[in-house]
Amino acid sequence: MRNRHDILLAIDDSEASRMAVLYVAAVARGAPHFRIRLLHVLPHIPTHLLEHGGAEDPDDERRLSRELDEGTARWRRRCEAAATSLLDEVRDTLESGGVAGERITIEFAAPLPEESIGIHILRAAAEGPCDTVVVGRSPRSWLAGKLHRSPSKALLRGRAPGVAIWIVT
């Protein structure tokens, strides 16, 4: 049996996410067995960065593939840089709430266009390992607005044996 409890805290810039951060800080305050994994889900990868039209010449095909990889990497770096201030704020809030900085890690995820963000969060939890997933729920959430559906509903419908789901409103 593990001596720790891993929480995956999926965040965006919504008020509901801020409430979830405060809740997790209160639960994990001063408890050395809690580990917090902050997960920021990036926007879906633009379709023009998923594949190129191909080429008959192998050298052209390699060049197109390299350009596609470079474009995807640039896009991801821009998205991660844009989220840095949010993640710094969340880390500061957790630390101010009594969670030691060395117990907090930051992750990014970029789901493919056909993937539900909720299912993507569950996959990240399964890869963790993770005992608990925490999300904020708000109709104005960036995540919900992007998909026109609620990631929290997808989390509840998904399969995550042995993982508790906390939805903070």
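**View 1. The bend of helix 2 at Thr84.** Helix 2 bends by about 40° at Thr84, the bend being the angle between axes fitted to the seven residues ending there and the seven starting there. The structure is a predicted model, in which local features need pLDDT of at least 70, side-chain atom pairs count only at pLDDT 80 or more, and totals for chains, interfaces and linings use all residues. Residues are numbered from 1 along each chain as its sequence is written, and side-chain values use heavy atoms, with hydrogens and water left out. Helices (H or I, at least four residues) and strands (E, at least two) are DSSP runs, numbered from the N terminus.

**View 2. The span and end of helix 2.** The 39 residues of helix 2 (residues 58–96) should span 57 Å at 1.5 Å a residue, and the end C-alpha atoms, 55 Å apart, agree with this. The expected span is 1.5 Å times one less than the number of residues. Just after helix 2, Gly98 has a positive phi of about 105°.

**View 3. The buried residues of helix 2.** Among the buried residues of helix 2 are Leu68, Trp75, Ala83 and Leu94; buried means under 20% relative accessible area, exposed over 50%, and partly exposed in between (1.4 Å probe, protein chains only). Their cover includes strand 1, helix 1 (15–28), strand 2 (34–41) and strand 3 (104–109).

**View 4. His40 in strand 2.** His40 lies in strand 2 and is buried, with a relative accessible area of 10%. Leaving out residues up to four places away in sequence, His40 touches residues including Ala83, Leu86 and Leu87; contact means heavy atoms within 4.5 Å.
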